[in-house]
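Here is a short note for a colleague who is new to reading structures. Please keep the sequence and the 3D view open and take the points in order.

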Amino acid sequence: MNKKFMAILVPVVSVLIALAISTIIIILIGKNPIDAYGALIKGSFGSKQAIADTVIKTTPLILTGLAVGFGFRAGVFNIGAEGQMVMGALIAATFASNFGFLPPLIAIPLTILIAMSVGAGYAAIAGFLKAKTGAHEVVTTIMLNWIATYFASYMVTGPLKVGSGTPKSPEIADSAQLPILMKVGAIEMSAGIIIAIIAAIFMYILLNKTTTGYEIKAVGFNPYAAEYGGISVSKNIVLAMAISGALAGLAGATELMGVHHRFLGELSGGKGFDGISIALIGQNNPIGIIFAAFLIGALRTGSNEMQFIGVPKHMVMIIQGIVIFLVAADRIVRTIMIRKRVEK
Amino acid sequence: MRILEAIFLVFINPLFYKITLTAATPLIFASLGGVYSEITGVVNIALEGIMLLGAFTSVLFTWLTGNVWIGVFMAVISGLALAWLHAWGSIKWAGNQVVLGTALILIAQGVTGFLMEPIFGKPGQTDFVGKVEELRIPGLADIPFIGKVFGELSPFVYMAFAAVAFSWWLIYKTRLGLRMRSVGENPEAADTLGINVYGIRYFGVLMSGVWAGLAGAYLSVGEVGHFRELMSGGRGFIALAAMILGNYNPVGAMLASLLFGASSAFANQMQSSSLIHVSATVKPLFDMIPFVLTIIVVAGFVGKSHVPKADGVPYEKEA
Amino acid sequence: MKKVFVVLLAMLFVVSAFSFKAIMVTDTGGLGDKSFNDGTWAGIVRAAKELGVESKVIQSYEQADYISNLSKAAEEVQKEPDGGIVYAVGFMMTDALFQVAQQYPDVYFAGIDIAPPTENVPPNVVTFLFKEQESAFLVGYVAAATTRVGKVGFIGGIPIPPVERFRYGFETGVKVYNDLHGTNVTIIKGYTNHFSDPKKGKDLALSQFAEGVDIIFHASGACGNGVIEAAKEKMVSLVGSEDLSKIIEYAFENGGIFAMGVDVDQDYMAPGVVLASAMKGVDTASYMGVMWAYNGEWEPGVHVLGLAEDGVRMSPMKYTKGLVSNRTLAELEYLVTLIKEGTLVIPDTEESLNSFRTPKIEFPF
Amino acid sequence: MYAVEMVNIVKKFPGVLANDHVTIRVKKGEIHAIVGENGAGKSTLMNQLYGLYHPDEGEIFINGEKVTIRGPKDAIKNGIGMVHQHFMLVDTLTVAENVVLGSEPVKGLNFDMKKARQDVKDLSEKYGLFVDVDAKIEDIPVGMQQRVEIIKTLYRGANIIILDEPTAVLTPQEVEELFEIMRKLKDSGKTILFISHKLHEVMEISDRITVMRLGKVTGELETSKTNPKEIARHMVGREVVLRVTKEPHEPKEVVFEIKDLVVKDNRGLTAVNGISFNVRKGEIVGIAGVAGNGQTELVEAITGLRKIESGNIYFEGKDVTGFNPKQLRELGMAHIPEDRLKHGLIKEFEAYYNVILGQHYKYPFSNGTFLYHDNIFNYTKDLMEEFDVRPRKIDHLGGNFSGGNQQKLVVGREIKTNPKFLVVAQPTRGLDVGAIEFIHKQILKMRSLDAGILLISMELEEIFSLSDRILVMYEGEIMGEVKPEETTIEEVGLMMTGHRFEEVRRG
């Protein structure tokens with residue numbers, strides 16, 4: 001069967017299998033699966049509001065997916081997108097609350113730039129340690145995640161805290177907020193999605209059309225051959241981590257500038273980890289990542305509607321887990337499909 | 001100077017050592033699980049999920065039967081079940097092991113959260129269901145200092161150290177251990193000698209389920225006697241780090257876990273010190289100590305560890 | 001089978017007969033926190049049952065869900081001919097609540113633990129805040145009166161406002177006791193940085209016990225279960241038995257190791273070991289909100305519930321009352337009156353805590 | 001009575017018919033050679049005998065009895081042992097552990113290390129196979145690793161021993177030792193299957209020969225009744241020139257020089273110990289030596305891949321010590337690496353990305369930021385044409401080419417940069433005769449274009465037929481310099497085992 005066709009088919013069939021399994025679970029808890037999936041679809045695409053919501057959820061997932069996927073292409077496993085996202089958004093929020101004097105044309109790019117640089121720098125720590133001392137990036141990025149979480153928690157309950165309510169940073173200046181594309185009720189869909197798509201295109205061009213991408217891929221595939229070819233392995237590991245971190249930082253920026261407009265205690269909500277599965281469902285391909293993020297985003301959005309008919313929020317985690325499992329062990333799906341074909 | 005005094009007081013306090021032990025125990029179990037899986041060549045980042053499921057099942061069965069040890073046993077069984085899924089996906093179907101691991105974490109989080117309401121009738125957390133009694137060793141408790149540390153400890157702590165000793169023996173002194181190590185380094189070579197590569201890898205992964213399941217049981221019925229959603233709190237990932245830091249060796253993993261336990265006990269103790277006066281909002285920063293310390297150790301003192309050569313690479317026969 | 005069907009049909013009919021809905025949106029902590037989410041839900045369910053209306057809950061997965069879930073709930077309520085009420089639970093939802101409420105002026109909104117960010121609250125919104133400091137003041141006073149070592153501990157989750165208000169109250173309670181009785185009870189404070197890791201709470205509690213405290217008050221969600229467990233472990237080890245009467249007997253003679261609970265009456269979690277709990281009547285508030293909305297007795301604005309409003313209180317100390325002297329109990333009762341009267345104001349910010357001076361209090365006995 | 005009979009074996013791989021009704025009969029107690037070019041299907045056949053692959057058709061008889069070999073376990077049970085071309089050893093385990101792995105002695109629950117060591121010692125003494133039982137595999141030389149492999153088969157009681165290209169990594173003296181061992185094994189009644197493509201070795205050691213070509217048996221010969229020419233004809237299907245002819249060519253000025261070079265290996269031990277030599281334009285300097293005597297480290301140091309401890313490197317008189325690979329390439333150095341899959345090629349890259357490695361940042365392949373894909377594609381097409389790379393698909397992945405074509409890609413890439421100085425390491429390892437011929441011609445062409453060439457090879461024949469001067473390396477030092485026409489294989493062989501030129505000449 002056609003390779004590209006399979007690459008698309010496997011995730012689709014995986015989703016179908018996952019839905020089949022969750023159907024059984026839904027029946028077991030005494031709910032009607034048709035109602036449940038009806039709610040799921042209604043909740044994710046059923047109205048303008050639902051669509052806006054899905055897009056809002058998809059945006060940061062595309063970016064963390066790109067971040068992790070980019071790392072994979074370069075042979076580094078960036079589990080730290082979570083921390084990079086938090087740090088990027090946190091520092092950007094600190095600056096952007098004072099950007100009132102700047103016009104949007106400057107304030108927006110500047111805020112994005114800060115978040116991306118901070119994300120890049122934070123990731124580069126792990127890249128640098130890997131390149132210089134061989135410290136495993138999985139270990140260092142996990143540690144950096146915790147450090148970021150605690151640091152952020154400290155910042156919003158301490159130095160940055162405003163008001164007596166939620167631990168939160170001051171609101172960023174209006175001029176640093178992303179323009180709103182669509183407003184349905186209280187739901188504001190910002191231009192973040194455009195940024196995310198631009199980032200995907202950027203990643204595609206970087207990886208496929210530039211010498212930097214060439215070098216990063218070479219290092220990822222075969223560091224020995226890369227070094228032999230005059231490509232600095234340590235420089236490219238740091239660079240790859242930094243770019244990956246910049247994308248994660250950008251995810252923080254879109255959340256900050258397009259959704260919350262300030263830094264809140266638990267801003268990332270595990271999106272950095274979601275990035276891992278999204279990158280892999282999307283086969284580390286920028287286009288694939290957009291679709292994978294959209295899939296997860298829609299599932300998440302729809303799951304809230306599912307709660308109305310009594311299916312708990314955990315259902316969507318189970319569905320997501322099964323989908324990822326099947327995409328990872330894609331041969332299960334392939335084998336099932338080949339058997340089906342043979343039977344026919 | 002006050003800080004130095006406070007640090008000094010921490011180190012001469014026997015309870016600091018006791019807390020170190022109890023904080024390290026789940027990490028020892030879980031990192032041991034990592035060792036078993038990874039020396040046979042299967043990356044297992046699902047430890048976090050296995051722990052969580054183990055914590056859940058042990059509480060569930062303790063609640064159902066009233067016997068904590070049945071709970072602990074069932075935690076092991078549930079650990080085996082989840083680990084089997086990992087083995088099945090990564091060994092039989094040659095799936096991407098890291099992704100399978102993240103999938104299983106999600107599934108474990110989803111399933112435990114999902115089942116709370118139908119089983120216990122309320123979401124989020126259970127009531128106290130019972131706990132493994134602490135072990136009192138007569139006489140030991142009377143010895144100064146030592147008695148304060150070891151006089152009264154959860155049997156899990158001793159089990160953890162026994163597990164390390166057992167694992168060291170198994171991995172370095174038995175035929176099975178030799179085969180495990182060979183399969184993780186060069187599965188093809190092992191295969192040509194008639195060793196069942198898949199079988200050994202299944203064993204390694206399943207054992208990681210046993211240990212991580214115990215780690216989970218310790219967290220719930222071993223320590224606090226109830227289950228709370230997401231109560232594993234990222235310890236599976238820390239255990240992963242401890243395993244790498246400990247160079248994929250049971251003893252090394254134990255030492256790394258102890259280092260981690262000590263630094264978090266230290267962080268707690270410093271937070272609680274009456275000698276240090278800081279405002280309440282600064283206190284969260286103390287919790288960064290273990291993580292910063294780990295990075296320094298990983299980068300500065302350990303550097304490259306010997307990763308089993310075939311770790312993470314599915315083994316596939318060519319024909 | 002047929003019968004069941006008929007009953008089901010009847011239920012369906014009954015449900016649809018009342019076209020009023022109460023929908024609650026949780027924060028990411030979700031149900032099962034034994035705190036504001038659970039409390040709110042309990043109150044809503046109670047009210048819904050009494051009124052025979054439908055109640056629903058949406059649990060939020062992440063922060064970005066707040067606005068959309070509240071909107072969803074509002075849309076759902078809007079469909080009902082008789083309307084309904086949407087609950088936003090937890091201070092994290094502050095911004096989301098006010099954004100959404102503006103969009104749906106014909107839907108009632110209620111916020112729990114939410115302080116309005118601006119002065120003017122829209123007419124369709126009520127929010128409930130609690131004077132956590134008042135109940136914490138009482139447990140602090142009890143702690144200071146009960147400690148035998150002159151050292152007590154406080155363990156918070158993440159230093160968010162409700163947690164901090166508990167701490168202010170606790171510290172004030174100890175301070176007032178010291179000033180009135182010339183004692184010098186000190187407080188060790190720590191945070192778990194978490195609300196859902198009981199083991200972490202236990203470790204931190206053990207650290208505080210290692211520093212020599214004998215009573216710890218926690219305001220740390222599920223981490224607190226670990227705090228209580230740590231105290232229980234220590235106490236049982238001292239007493240040599242889990243038996244309540246033995247614990248009380250021992251404690252009466254020698255003192256012991258105690259924990260103090262939060263939000264709900266946690267005394268039952270380790271009878272004899274949990275000295276008292278600083279309770280917060282979230283359920284009362286949510287019950288009230290539904291009733292107002294249903295009966296059209298809506299009172300928009302902020303409602304701060306303290307001792308006087310029965311919004312907070314100290315647990316009745318079902319198991320441990322015998323450990324506190326009658327005099328102390330009498331003092332507490334008197335202090336409660338002073339607080340209710342407004343004569344004694346418990347600080348609710350760091351600044352007011354620092355500038356707090358114990359007023360002259362003459363016990364009438 | 002045949003020890004092994006494989007009758008009408010058919011083995012298909014996706015797109016390849018690896019064994020096409022192959023029949024082979026091996027007598028008990030003989031040394032039976034299986035010869036053929038790379039890709040002829042020799043290893044595939046033997047892997048089926050050892051149970052690593054399963055035949056699609058055909059039958060196997062051991063000592064006259066029909067057997068089904070489902071896996072190595074069955075093979076071992078049937079008394080078959082195999083020494084693979086790529087050693088199947090676990091680097092981190094000791095020699096003794098490697099030998100007993102899979103059939104370990106136990107004492108109670110414990111693995112009986114003591115008995116394992118003793119057993120291995122006994123076997124090693126019995127057959128004259130010297131090994132250090134307690135050394136880790138990663139610390140011992142290749143020759144010893146091979147002996148470990150042979151002991152492994154003996155430990156399992158093998159009567160039929162398959163040796164897959166065993167001499168590829170050995171010195172002439174070691175080859176002699178191996179042959180000695182093989183004769184000893186034969187004398188003790190073992191049957192040996194010996195895979196090789198080196199005809200003089202086959203002539204020397206075997207009793208009978210089966211020749212294979214393109215998956216089929218093309219000849220069954222008695223060694224005593226045949227000659228290398230006949231075997232070669234069966235192998236290649238045409239007459240072959242066994243040696244390339246080298247035109248005389250006058251070398252010019254020195255292009256490359258090293259002085260007192262000291263380099264350490266990965267474990268921090270000195271691998272290159274104070275070597276000095278130079279290479280002139282239009283000259284091929286060959287470095288002979290047994291694998292693991294510092295050649296790898298020397299090449300890596302010269303090409304900028306490894307840190308230099310002390311000493312200097314000069315390129316056209318300029319001190320280039322400590323330059324990185326990129327800087328050296330800029331000066332006009334090219335490098336055909338010894339391990340094409342590790343250094344030379346990126347398996348996951350398409351052919352067109354592989355052929356620009358090292359120049360990817362330069363015009364015409366890019367402007368430093370963006371790649372010019374049209375230029376890259378055209379260049380690749382030309383290169384594939386010029387160097388006869390098959391299949392001629394520029395978007396074929398590097399890993400999907402056959403070994404010979406991979407090497408052609410690498411050689412083509414390096415030669416097309418028009419280097420002034422070319423480092424060539426093991427250029428023909430694992431290639432078939434046709435490819436070897438082609439690559440040798442290319443190297444000689446570079447020489448005629450006045451490039452200086454440093455050739456490192458373990459194949460003495462290659463060194464002799466290509467080099468203008470030969471340096472012999474042993475334990476990180478140069479044992480001596482000779483001219484190919486003024487020396488013999490034996491002389492060089494002696495130097496390869498640690499005898500200095502002066503000693504050798506003194507006799």
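1. **Aromatic pairs.** Start with the rings. The structure holds 51 aromatic pairs, counted over all chains. This is a predicted model, so treat each value as computed from that prediction. Two of the ring pairs are worked through below, one in chain B and one in chain C.

2. **A pair in chain B.** Find B:Phe29 and B:Phe156. Their ring centres are 6.3 Å apart and their planes stand at 85°. Planes over 60 degrees apart count as edge-to-face, so that is the label for B:Phe29 and B:Phe156. Now look at where they sit. B:Phe29 is in helix α2 of chain B, and B:Phe156 is in helix α7, residues 155–173 of that chain. The pair therefore ties together parts that lie 127 residues apart in sequence. Are these two residues buried or exposed? Both B:Phe29 and B:Phe156 are buried.

3. **A pair in chain C.** Next, go to C:Phe154 and C:Phe217. Here the ring centres are 6.0 Å apart and the planes are at 45°, so the pair is tilted. C:Phe154 lies in β6 of chain C, residues 151–156. C:Phe217 lies in β8 of chain C, residues 215–219. The pair ties together parts 63 residues apart in sequence. C:Phe154 has 0% relative accessibility, so it counts as buried. C:Phe217 also counts as buried, at 0% relative accessibility.

4. **A cluster with residues from chains A and D.** Six residues form one aromatic cluster: A:Tyr214, A:Phe221, D:Phe349, D:Tyr352, D:Tyr353 and D:Phe377. Select them together in the viewer.

5. **Chain B against chain C.** How many residues does each chain bring to this contact? Chain B gives 39 residues and chain C gives 39 residues. In chain B, B:Gln125, B:Arg228 and B:Ser272 lose the most area to chain C, together 16% of what that side buries. About 3,300 Å² is buried between chain B and chain C, with carbon and sulfur atoms giving 48% of it.

6. **Charges and polar contacts between B and C.** Six salt bridges are found across the interface of chain B and chain C. One of the salt bridges joins C:Glu229 to B:Lys131, with the closest N and O atoms 2.9 Å apart. Chain B and chain C also have 15 residue pairs in polar contact. On the chain B side, α2 (14–39), α10 (197–224) and α12 (250–272) each supply at least two residues. By class, that side has 14 nonpolar, 13 polar and twelve charged residues.

7. **Chain B against chain A.** Now turn to the contact with chain A. It takes 44 residues from chain B and 39 residues from chain A. The area buried between chain B and chain A is about 3,800 Å², and carbon and sulfur atoms give 84% of it. How many salt bridges are there between chain B and chain A? The count is zero. Two residue pairs are in polar contact between chain B and chain A.

8. **What chain B shows to chain A.** Four helices of chain B give two or more residues to this side: α4 (68–92), α5 (97–120), α11 (235–245) and α13 (289–302). The largest share, 13 residues, comes from α5(B). By class, the side of chain B that touches chain A has 28 nonpolar, twelve polar and four charged residues.

Definitions and conventions
Residues are numbered from 1 along each chain as its sequence is written. Chains are lettered from A and ligands numbered from 1 in the order in which they are written. This is a predicted model: local features need pLDDT of at least 70, side-chain atom pairs count only at pLDDT 80 or more; totals for chains, interfaces and linings use all residues. Side-chain values use heavy atoms; hydrogens and water are left out. Contact means heavy atoms within 4.5 Å. Buried area is the accessible area (1.4 Å probe) that two parts lose on being put together, summed over both. A salt bridge is a side-chain nitrogen of Lys or Arg within 4 Å of a carboxyl oxygen of Asp or Glu. A polar contact is a pair of N or O atoms within 3.5 Å; within protein, one must be able to donate a hydrogen and the other to accept it, and residues adjacent in sequence count only if both atoms are side-chain atoms. Ala, Val, Leu, Ile, Met, Phe, Trp, Tyr, Cys and Pro count as nonpolar, Asp, Glu, Lys and Arg as charged, and the others, Gly among them, as polar. Rings of Phe, Tyr and Trp (its six-membered ring) pair if their centres lie within 6.5 Å; planes under 30 degrees apart count as stacked, over 60 as edge-to-face and the rest as tilted. Buried means under 20% relative accessible area, exposed over 50%, partly exposed in between (1.4 Å probe, protein chains only).
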